[in-house]
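Biologist: Please take me through the local features of this model, with the criteria behind each term.

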Amino acid sequence: MTLDGTRDSDPTRFGTEAFYASVGRAFVAMCAVVPVLFAVEFFDQLFDDRLQQDGGIRPHRLDGLDGIVFSPFLHVDYEHVLANSIPLILLGTFVLAAGTTRFLLTTAFIAVVAGVGVWFIGDSGSVVVGASGVIFGYLGVILMRGVVEHSWWHIAVGLLIGLLYGWQIIGVLPGEQGVSWQGHLCGFIGGLVAAVLFRRRRPRRTDDPLAIGTDAA
C-alpha cells in the first residue's frame, strides 16, 4: 500500500475517513451509556433511593468502600443524570476513540483514584454518587494526552471543551454545598496520571502531531 493509502486508512490521523469512523463509533457507544444511567436511576427511585444509599461512597467507613465501584453509575435524581450526560458523551467519545482497551483501563483507573480520594478526604456522614469524577478524569486525560503524545488534536479538543465547559473547572475547588469537589479533583488528577500510564508509544519515524493514538481493540 502506498504511503498516502496508509495514511488515508489510519484512524489516528485527523481528517482521514478512518479517523471520523473511529470518532463516530465512539460517539454512538457513549450515547448508549446514557440510557443505562437513566435506567439505573429509574430503579433507584423505584426502591426509594435504596441503591444510592447502599452503593454510594461513604467516606471513612469500611462499609462505604464498595461505593468506589458502584457510585459512578448512581445519581441523586434525573436532573443529576442529565447534567452529567452531555459532558460524559463529549469527553468519553474522544477518550474512547483512542482505543477500547485504553478506554476501559483509563476509566477503571480514574474511577478507583476518584473513589479512593473521596473515601479518604470526603466529608464524614455524606454519601457520594455520580459520574462527575470520571468526567473530570476524562478531561484530564484529553489535556494530558496532548502533551505526552505530542497530539495537537487532543490539545485542540481539550481547549475547545474547556471553553464550552470551563465553568465546571471550579468544581475541583471547595465551593457549592452538596457537590463533591473531592471527587472532581481526584478524578481530574487520576485522568492526568492515566494519560501517562496508558499513553500510546509510537516509533519516532511515525510520530504525527495530528494523531489521536489508537490501540488494538
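Modeller: Helices (H or I, at least four residues) and strands (E, at least two) are DSSP runs, numbered from the N terminus. This is a predicted model, in which local features need pLDDT of at least 70 and side-chain atom pairs count only at pLDDT 80 or more, while totals for chains, interfaces and linings use all residues. Residues are numbered from 1 along each chain as its sequence is written, and side-chain values use heavy atoms, with hydrogens and water left out.

Biologist: Where does D49 lie, and what is its phi?

Modeller: Most residues other than glycine have a negative phi. D49 is not a glycine, yet its phi is positive. The residue lies in the loop between α2 and α3, and its phi is about 60°.

Biologist: Is D48 buried or exposed?

Modeller: D48 also lies in the loop between α2 and α3, and has a positive phi of about 55° although it is not a glycine. Buried means under 20% relative accessible area, exposed over 50%, and partly exposed in between (1.4 Å probe, protein chains only). With a relative accessible area of 67%, D48 is therefore exposed.

Biologist: Which helix gives the most to the nonpolar patch?

Modeller: Accessible areas come from the Shrake-Rupley method with a 1.4 Å probe, and for residues only the protein chains shown count as cover. F42, F43, L46, F47, L51 and Y78 make a patch of about 590 Å². The greatest contribution, 3 residues, comes from helix α2 (residues 17-46).

Biologist: How many disulfides does a search of the whole structure find?

Modeller: A disulfide is a pair of cysteine sulfur atoms within 2.5 Å. C31 is partly exposed at 27% relative accessible area, whereas C186 is buried at 11%. The number of disulfides found in the whole structure is 0.

Biologist: How many residues apart in sequence are the parts that F109 and F198 tie together?

Modeller: Rings of Phe, Tyr and Trp (its six-membered ring) pair if their centres lie within 6.5 Å; planes under 30 degrees apart count as stacked, over 60 as edge-to-face and the rest as tilted. The whole structure holds 5 aromatic pairs. In one of them, F109 and F198 have ring centres 6.1 Å apart and planes at 85°, so the pair is edge-to-face. Because F109 lies in helix α6 (residues 100-121) and F198 in the segment after α9 (181-197), the parts tied together are separated in sequence by 89 residues.

Conventions. Patch = residues over 30% accessible without salt bridge, like charges linked within 9 Å, V, L, I, M, F, W, Y side chains within 5 Å. Salt bridge = Lys/Arg side-chain N within 4 Å of Asp/Glu carboxyl O.
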